[in-house]
Amino acid sequence: MSAQQEAAQAVESYAGERYKYGFVTDVEADSAPPGLDHDTIRFISAKKGEPEWLLTWRIRAFERWLEMEDEEPTWAKLHYPPIDYQEACYYSAPKSDSDRPKSLDEVDPELLKTYEKLGIPLQEQEMLAGVAVDAVFDSVSVATTFKDKLAEMGVIFCSISEAVKEHPELVQRYLGSVVPYSDNFFATLNSAVFTDGSFVYVPKGVRCPMELSTYFRINAANTGQFERTLIVADEGSYVSYLEGCTAPMRDENQLHAAVVELIALDDAEIKYSTVQNWYPGDAEGRGGIYNFVTKRGACRGANAKISWTQVETGSAITWKDPSCILQGDNSVGEFYSIAITNNRQQADTGTKMIHMGRNTKSRIVSKGIAAGRSDSTYRGLVRIQPKAEGARNHTQCDSLLIGAECGAHTVPYIESRNPTARVEHEATTSKISEDQLFYCRQRGIDEEDAVALIVNGFCREVLQELPMEFAVEAQKLVAISLEGSVG
Amino acid sequence: MPAPRTIPFDYPVPSASPAPALPGDGLPWLDALRGEGRRLSAGGLPGTRTEAWKYTSLAPLTELEFSHPAATLTEAIPAELGPGAFDALEGPSLVFVNGRLSARHAQLDGLPAGLRVRGLAQGLADDPAGIEALIGGTEALNGDLMAAFNAAFGADGCIVETEPEAAGKEPVLLRFVAAPGSEPLAYHPRVIVRLGAGSSLTLIECHEGPAGAPTWSNPFVDIRVGEGATLSHVKLQVEGDGAYHTALTKAALAGEARYESHLLALGARLARHEIHVRLAGEGADCQLRGGYMARGSQHIDNTTVIDHAVPHCESREVYKGVLDDTARGVFQGKIIVRQDAQKTDGHQLNRTLLLSPKAEIDTKPELEIYADDVKCSHGATAGEPEADQLFYLRSRGLDLRTARKLIVQGFMGELLEEVGHEPTRAVLAERVAAWIDGGRS
Amino acid sequence: MSKPMLAIENLHATVDGKPILNGLDLAVNEGEVHAVMGPNGSGKSTLAYVIAGREGYEVTEGSITYRGEDLLAMSVEERACSGVFLAFQYPVEIPGVGSATFLKTAVNAARKHRGEQEYDAMEFLKLVREKRAALGIDDGMMRRALNVGFSGGEKKRNEMLQMALLEPTLAILDETDSGLDIDALKVVADGINALRGPERAMVVITHYQRLLDHVVPDKVHVLAGGRIVRSGGSELALELESRGYAGLGLEPSAAA
């Protein structure tokens with residue numbers, strides 16, 4: 001057996017390993033009946049005590065969505081059975097929602113146990129220093145920590161439902177301003193039915209003193225989850241936001257259609273990092289999360305900067321392209337991505353960099369690793385608008401194949417309408433070299449560790465963009481995603 | 001409002017009299033092929049919602065009223081065609097006027113042994129079974145709309161064949177020229193090229209036409225390169241500024257075969273050069289080189305698919321372009337590596353110089369890979385000439401205009417170096433130089 | 001009396017179905033340094049790869065016994081962990097993998113194999129600092145990705161550092177001296193000499209005599225046509241140097 005085959009087999013045997021985070025928490029859910037119509041939306045809105053303008057916005061989105069029947073994206077390199085949107089359940093909140101916990105002591109212990117199993121540092125004593133957690137359990141945010149400390153500095157970090165009540169002027173001003181409700185099939189659906197998510201506002205000149213973090217989970221059966229996250233960095237401010245997720249094992253496919261909107265004003269910087277480790281389905285492709293996400297940031301002001309970093313190892317299907325609209329002069333957009341697919345996973349991920357302002361810069365580094373019978377696609381757009389004098393883009397897009405039955409695809413779109421702009425794109429596809437494997441093994445490193453070592457090296461440029469707290473976890477995840485059952 | 005998948009197209013414009021006969025009408029297999037072509041093409045032209053046509057809209061073509069191509073078959077071919085780009089070349093040549101082979105302009109004296117060149121319309125009359133074997137059935141259309149138009153309305157073309165081990169010294173020239181006229185005119189020539197094992201040939205395809213003439217040429221070139229054979233395929237496209245050119249070239253390569261494509265696209269209002277190469281035998285080698293230079297409101301689209309179907313093949317692709325004024329360039333290059341195609345070595349590069357603030361390039365270099373033991377890469381760059389290159393030249397005393405010209409010359413010159421046949425290379429180099437000097441081709 | 005550490009008997013090996021080694025015999029005792037010399041294409045590198053267990057080098061006949069065990073039955077990393085070290089002629093580049101990370105992983109793999117406590121980062125750094133100072137490797141090289149952009153000399157020094165850290169019982173050095181200037185050659189020779197010891201054996205594969213000026217071998221073997229055709233003391237290397245392979249009646253083509 002060749003070293004390559006062995007490596008492939010080592011990777012495959014991971015499928016045999018039970019999904020580490022596969023368990024279901026037994027919490028009584030207070031759910032809307034399955035199905036989607038005007039009443040469902042009124043139910044969600046009423047349940048959350050929303051103002052009239054938001055209900056109107058949701059209804060408008062819903063009506064637009066109904067017209068989009070044939071606009072469910074088909075261009076992506078993804079294959080999945082048609083989703084019955086009437087089958088899904090659009091609202092599920094832990095029962096304790098009717099009586100919100102004031103402190104961790106009041107939180108359902110079952111829930112806390114779940115987070116503990118996931119290793120989420122919810123309780124303060126278990127928390128990594130400097131990390132504030134806004135945990136989303138199914139659809140409702142149940143606890144937020146470090147809020148007081150942030151409040152002192154004027155930083156608002158809360159659930160979006162709370163923000164609608166407490167800071168309606170901010171939400172109304174920015175919600176849908178980057179991803180309009182009519183944007184695309186999944187974003188429009190999200191606009192109609194979103195239940196919760198995070199809201200962050202960093203005031204002028206404030207440097208947020210800690211990494212903000214949210215862990216998403218999907219729990220109750222047949223519950224589509226529709227987060228909505230909105231982050232606004234006012235002039236001269238800085239914030240780093242971490243999003244990480246795991247989900248319990250499920251037999252049926254679950255839909256996840258989140259929307260994340262970022263707004264950076266003059267001289268502001270937002271760093272958004274994601275580690276996505278949802279249940280990918282079993283070796284035969286049964287179960288697993290459908291992850292259709294719209295993430296977009298607008299550099300509204302001059303010298304603004306938005307940086308997306310993602311490590312995508314989970315989900316049966318991942319469809320996302322965190323994008324940057326570079327409106328302000330000298331604004332900067334970055335996209336650093338690692339996408340690992342194994343077994344029957346499919347990922348169609350990339351970014352869009354829309355250069356509108358002068359001297360705008362973007363950098364794209366994408367590392368795709370495909371193993372098993374999976375398919376990994378990078379799909380990216382770099383558009384230079386006519387007024388983007390002096391714009392610069394550099395794209396590096398590398399794919400690594402492990403095993404003979406997977407596929408790696410690179411589909412970059414480059415549209416340049418300004419001669420002073422300079423756009424450069426480079427891409428490579430290769431396998432782990434036999435020479436590299438042999439060298440490592442000759443030094444006594446076993447095959448699985450050698451594969452992990454080489455893959456981590458391949459991903460290094462992206463891993464080093466992650467905040468420290470995440471980097472270690474991500475590195476482990478890269479190894480776990482490709483390891484066999486050993487170790 | 002989503003873009004259309006197809007654009008309705010009244011082609012040919014309805015006429016009171018029944019459609020005239022095309023050569024070969026009545027042959028059952030050909031009737032079937034043309035019928036299928038008509039059925040597919042009745043759906044219209046591909047629209048920009050079709051991924052392969054995302055950046056090129058054929059909508060302007062629908063504004064022209066074309067009569068049935070057969071209607072012109074009875075017109076006399078003018079004796080005087082004006083100078084051709086490759087007049088200075090020796091060797092066999094065929095001339096097609098408005099898509100029809102002109103017997104009086106053909107130069108087929110002294111064809112070397114092992115080389116056979118004949119017209120398609122004539123072939124249909126003399127050797128229908130032989131032509132049927134070459135063209136094949138309706139499945140060859142494979143749903144491709146432009147090939148369907150070609151199949152349905154193609155009146156003529158030619159067949160170039162070499163016997164095993166034959167080596168043609170001089171290139172075979174195929175000149176396609178539109179005669180001056182103001183009526184919209186469409187033609188759909190079919191060129192069939194079959195290289196026997198171990199043979200070699202240089203084929204020149206040249207498309208010319210007068211300024212302003214509203215023509216649509218839709219050639220389909222069907223190439224098979226036999227085992228160990230080598231085809232060097234040169235294409236110069238310098239049609240007038242009223243022309244539409246939608247070309248489809250399909251090449252299939254047997255083991256150890258080599259296919260070189262050298263394209264220089266300078267003409268037409270809108271031109272699309274689509275090339276599909278299938279590496280079907282081990283050790284096959286594909287070299288695609290394309291140059292495009294456009295100004296005014298020209299639109300030049302290069303779309304290529306290199307399909308590695310078997311192991312141990314190599315492909316190299318370099319496309320370079322220069323865009324001025326409000327011209328728009330498109331490059332869509334796809335490399336497919338099938339699951340069995342281990343040890344594939346594929347490289348692709350697209351570079352564009354933008355000379356004007358309103359020029360635009362849309363580039364989509366694409367890798368679709370299903371085999372793990374491969375080396376594939378692509379690269380793309382777009383921008384104006386490098387400031388430090390310009391500065392260097394100017395610091396040596398060149399004025400800005402001269403410096404820019406020199407840079408463009410060097411940029412395009414690299415491409416032409418690969419053309420093996422010296423006199424052919426000289427013709428292409430002259431065209432590039434003339435373009436740079438601002439002369440219309 | 002020394003014990004045989006490595007015993008190769010009647011070794012036949014093919015690469016891509018082509019026979020390269022044709023009945024090679026070689027015995028190396030504990031504490032000895034053997035030089036294997038031979039013209040290009042004689043099978044020197046093949047011998048090194050077969051000992052290390054590289055895929056594609058198929059043993060069709062014969063045996064290799066290492067410390068009384070059947071070496072050919074062991075996987076590549078088992079051989080490495082039980083003390084077989086190959087210094088590569090062309091060390092491969094591994095982008096993104098830091099030299100220090102790699103070394104720590106390798107050293108700890110061996111320690112784990114021997115049932116020893118793995119080093120933590122601090123202990124390991126201390127160890128590396130000592131070894132690297134002795135070899136004149138600067139800290140900057142340790143921070144770079146493994147072998148990426150290293151000069152030929154740097155790569156070979158890095159191999160010597162790995163050897164010093166892994167402390168093998170059997171070291172195979174495959175043309176470690178090729179392409180080195182005199183200073184780098186000295187570093188390589190010092191690295192080898194520093195490791196010489198009664199419990200350790202080495203096989204130095206080389207094309208030229210010049211490394212042997214600095215590393216005096218106990219025995220010299222001449223490999224041609226896939227077999228050992230002559231063996232002798234260190235004087236044999238000098239004889240080769242003055243008369244050439246042809247002078248010994250060994251045409252380089254003998255291997256073809």
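Which helix of chain B is included in what covers the buried residues of helix 1 of chain B? The legends below, which describe a predicted model, begin with that view.

**View 1. Helix 1 of chain B and its cover.** Helix 1 of chain B, residues 28-41, has 14 residues and reaches 20 Å from its first C-alpha to its last, close to the 20 Å expected at 1.5 Å a residue. Its buried residues are B:Leu30, B:Leu33, B:Arg34, B:Gly37 and B:Ser41. Seen down the axis of helix 1 of chain B, these buried residues fall within an arc of 95°, so they line one face of the helix. An α-helix has 3.6 residues a turn, so residues three or four places apart point the same way. The face of helix 1 of chain B turned away from the buried side carries the exposed residues B:Pro28, B:Asp31 and B:Ala32. What covers the buried residues of this helix includes helix 4 of chain B, residues 145-153.

**View 2. The largest nonpolar core.** Of the 319 residues in the largest nonpolar core, those that touch the most other members are A:Val200, A:Ala233, A:Leu262, A:Ala264, A:Val455, B:Leu253 and C:Ile172. Helix 4 of chain B gives the most to this core, with eight residues, and the core draws at least three residues from each of domain 1 (6-281) and domain 2 (386-441) of chain B. Leaving aside its neighbours within four places in sequence, A:Leu262 is in contact with A:Val178, A:Ile231, A:Ile270, A:Tyr272, A:Gly297, A:Ala298 and A:Ile306.

**View 3. The contact between the two domains of chain B.** The domain assignment of chain B gives domain 1 (6-281) and domain 2 (386-441), and 31 Å separate the centres of these domains, taken over C-alpha atoms. The contact takes 15 residues from domain 1 of chain B and 11 residues from domain 2 of chain B. On the side of domain 1 that touches domain 2, the elements of chain B that give two or more residues are strand 10 (200-208), strand 13 (230-238) and strand 15 (258-265), and strand 13 gives the most, with four residues. By class, this side of domain 1 of chain B has 11 nonpolar, four polar and no charged residues.

**View 4. The side of chain C that touches chain A.** In this view, 24 residues of chain C are in contact with 19 residues of chain A. Helix 2 (76-81), helix 3 (99-113) and helix 6 (152-166) of chain C each supply at least two residues of the side that touches chain A, and the largest share, six residues, comes from helix 3 of chain C. By class, this side of chain C has 17 nonpolar, four polar and three charged residues.

Notes. Residues numbered from 1 in each chain as written. Chains lettered and ligands numbered in written order. Predicted model: local features only at pLDDT ≥ 70, side-chain atom pairs only at ≥ 80, totals over all residues. Expected span 1.5 Å × (residues − 1). Buried ≥ 20, exposed ≤ 12 C-beta atoms within 10 Å, placed from the backbone. Arc of directions from axis to C-beta. Contact = placed C-beta atoms within 7 Å. Nonpolar A, V, L, I, M, F, W, Y, C, P; charged D, E, K, R; others polar. Core = buried A, V, L, I, M, F, W, Y, C linked by C-beta atoms within 7 Å. Domains from an automatic or database assignment.
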